[in-house]
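Hello,

Here is the structure I promised to pass on to you. Please have a look at it first, and then read my notes below.

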Amino acid sequence: MRHHSDRQGHGLESVPEVWTGRATNRLQWLLAMAGAACLALGVELAVDSSWATGIVPLLMAVIGCVAAGLLMLYGTIAFVHVAVKVDRNALEVRCGHMGLPRRRIPLAQVAGVEVVPQVTPREWGGWGHRWRPDRGTAVIVRRGEGILVTLADGRTFTVTVDDAETAVRVIRYRLKRADTGTGTGTPIGA
């Protein structure tokens, strides 16, 4: 976890101007290697097989291996880690090395935020960017602590991140500060 060095203080507590946090799942690299193996098998089948006999089954095997490999590679590498950033105006979540998918939530749309001590992929149906009608949207890269953001329209967004307590404290500070007229947003109870 990294914190921006420019800090502002109120009382004994100091709140970073920009807070950044991260969560990582190294197990995803194993799944990415399995995807690479599927992709390599598809290429191997395409290059070294005799296309003279049974072209349709061979073509289906090649396409299946390549497609499965690409899906596994993207699906795992995109969710190896998540980076969370809280600044004056928004909460931003970026996934993987390319930062996609990305979600930016303006703090003016936040009605509440809380720490979730134990978020599991099982309760969300797996790793990745998830949506459940009864729970809202989530970015889950590993089991453990996370934050739950309730939006003004009642929808929720959950993200796994290390040091979730600090993230919640920073967001609440920003919301209280916005309520005093130094920004925009909706206050929440601490």
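Strand 9 is largely enclosed by the rest of the structure, because 5 of its 5 residues are buried, that is, each has under 20% relative accessible area. Please keep in mind that this is a predicted model.

Which strands does strand 9 pair with? One partner is strand 11 (residues 156-160), which runs parallel to strand 9 (residues 136-140), with 3 bridges between the two. Within this pairing, T137 has F157 of strand 11 as its bridge partner.

Strand 8 is another partner, this time in the antiparallel sense, and here there are 5 bridges. If you want a spot to look at, find R132, which stands opposite G136 in strand 9. The link from strand 8 to strand 9 is a hairpin of 3 residues.

Now for the wider picture. These strands belong to an open sheet of 5 strands with mixed pairing, and the order across the sheet is 7-10-11-9-8. The edges are taken by strand 7 (110-119) and strand 8 (128-132); each has a single partner strand, so one side of each is left without a neighbour in the sheet. From one strand to the next, the twist averages 20°.

Happy exploring, and do write back with any questions!

Best wishes

Definitions and conventions
Residues numbered from 1 in each chain as written. Predicted model: local features only at pLDDT ≥ 70, side-chain atom pairs only at ≥ 80, totals over all residues. Heavy atoms only, no water. Pairing = 2+ DSSP bridges. Helix = DSSP H or I, 4+ residues; strand = E, 2+ residues; numbered from the N terminus. Axes fitted to C-alpha atoms, helices over the stretch in contact; angles between N-to-C directions. Buried < 20%, exposed > 50% of the residue type's maximum accessible area, 1.4 Å probe, protein only.
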